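Trainee: Before we look at anything, could you help me see how the words used for a structure follow from its values?

Mentor: Gladly; let us begin with one term and then turn to the model.

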Amino acid sequence: MSTQSEIAMEKKLVEQLERMGYERVEKCNEADLVKNLKVQLEKHNRIQLTSDEFEQIKDKLKKGDVFDKARMLRGRIDVIGADGIPKYIELFSVKHWCQNLFQVARQVTNRSATDHSRYDVTILMNGLPLVQIELKARGSDIRSAFDQIDRYRSKSYDNNSGLFGFIQLFIISNGVNTRYFSNNQKLNFQFTFEWANEDNQRINRLDEFAESFMERCHLSKMIARYIVLHETSRNLMVLRPYQYYAVERILERVGYGRGDGHICDLATVFRTHSQATARSSDS
């Protein structure tokens, strides 16, 4: 097997995502992302925010844990203008997921007095970091990428503005083995999943995974429709491929795109899967 360094893999992935329509954000730090967030929210909401209004947004975004921020992401936040009239800001379009603004950043630094983290690849939607990608040299142990994500999440995501608490999905890859999983207060390698096509053929190579799973509308739809916020456990749960395709077929049958028809309880899908997983090991 030929070797490919982590840096070379990062560059190749970012170039691929640019070709797929992502806007590249040059190497930056966490403070730069905050400035970018204001610009992207203004574009997405077609408004101009005063410095005071944006400070209100930043204060609201810092509050809560992963679950609280996931719920905030799917709603609107209000800010009060100088005239006393509230404005309602959409952070992420759940209904029109393709209309979100897509960017990719590489090697974002997030410093604090006790920690200096540098993230491999970050996908931003409307300026918010929603997908974090950790890469390891081609053919190396993918578990090390998962462990790195877990360290970042526990040590640095709360630093500074706390924007990285909005991460919804993680992707880890060593080039030939690629997995995805949802963000939570506690991460478990058991709940990292391979992607597959409708014929259940696994898509493990990073370039093929990016072409399929990270296509802009698809990735945004995964966040909008196929991450379940489980209120009882306060966990984010993301569908596996066969669950995704099953729900898509049901939605087609009931008239995809006509009104707001949806599956009443996606959490049932997860309970069914969890029971099946408990009875047998993953193939």
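Mentor: A crossing is called right-handed if the near helix is turned clockwise from the far one by less than a right angle, and left-handed if anticlockwise. In this model, which is predicted, the crossing of α1 and α6 is right-handed.

Trainee: Why are α1 and α6 called roughly parallel to each other?

Mentor: Helix α1, residues 6–19, and helix α6, residues 206–213, pack at an angle of about 30 degrees, with their axes 11 Å apart. Angles under 35 degrees count as roughly parallel, and therefore α1 and α6 are roughly parallel to each other.

Trainee: Which residues in α1 and α6 meet?

Mentor: From α1 come Met9, Leu13 and Gln16, and these meet Leu206, Asp207, Ala210 and Glu211 in α6. The residues of this contact divide into four nonpolar, one polar and two charged.

Trainee: What makes β6 and β7 a pair of strands?

Mentor: Two strands pair if there are at least two bridges between them, and β6 (residues 128–135) and β7 (residues 169–173) have five bridges, in the parallel sense. Within this pairing, Gln132 stands opposite Phe170 in β7.

Trainee: What is the order of the strands in the open sheet?

Mentor: The six strands follow the order β1-β4-β5-β6-β7-β8, with mixed pairing.

Trainee: What makes β1 and β8 edge strands?

Mentor: Strand β1 (23–25) and strand β8 (178–182) each pair on one side only, and that is what marks them as edge strands.

Key. Residues are numbered from 1 along each chain as its sequence is written. This is a predicted model: local features need pLDDT of at least 70, side-chain atom pairs count only at pLDDT 80 or more; totals for chains, interfaces and linings use all residues. Side-chain values use heavy atoms; hydrogens and water are left out. Helices (H or I, at least four residues) and strands (E, at least two) are DSSP runs, numbered from the N terminus. Axes are lines fitted to C-alpha atoms, for helices over the stretch in contact, and angles run from 0 to 180 degrees between N-to-C directions. Angles under 35 degrees count as roughly parallel, over 145 as roughly antiparallel, 65 to 115 as roughly perpendicular and the rest as oblique. Contact means heavy atoms within 4.5 Å. Ala, Val, Leu, Ile, Met, Phe, Trp, Tyr, Cys and Pro count as nonpolar, Asp, Glu, Lys and Arg as charged, and the others, Gly among them, as polar.
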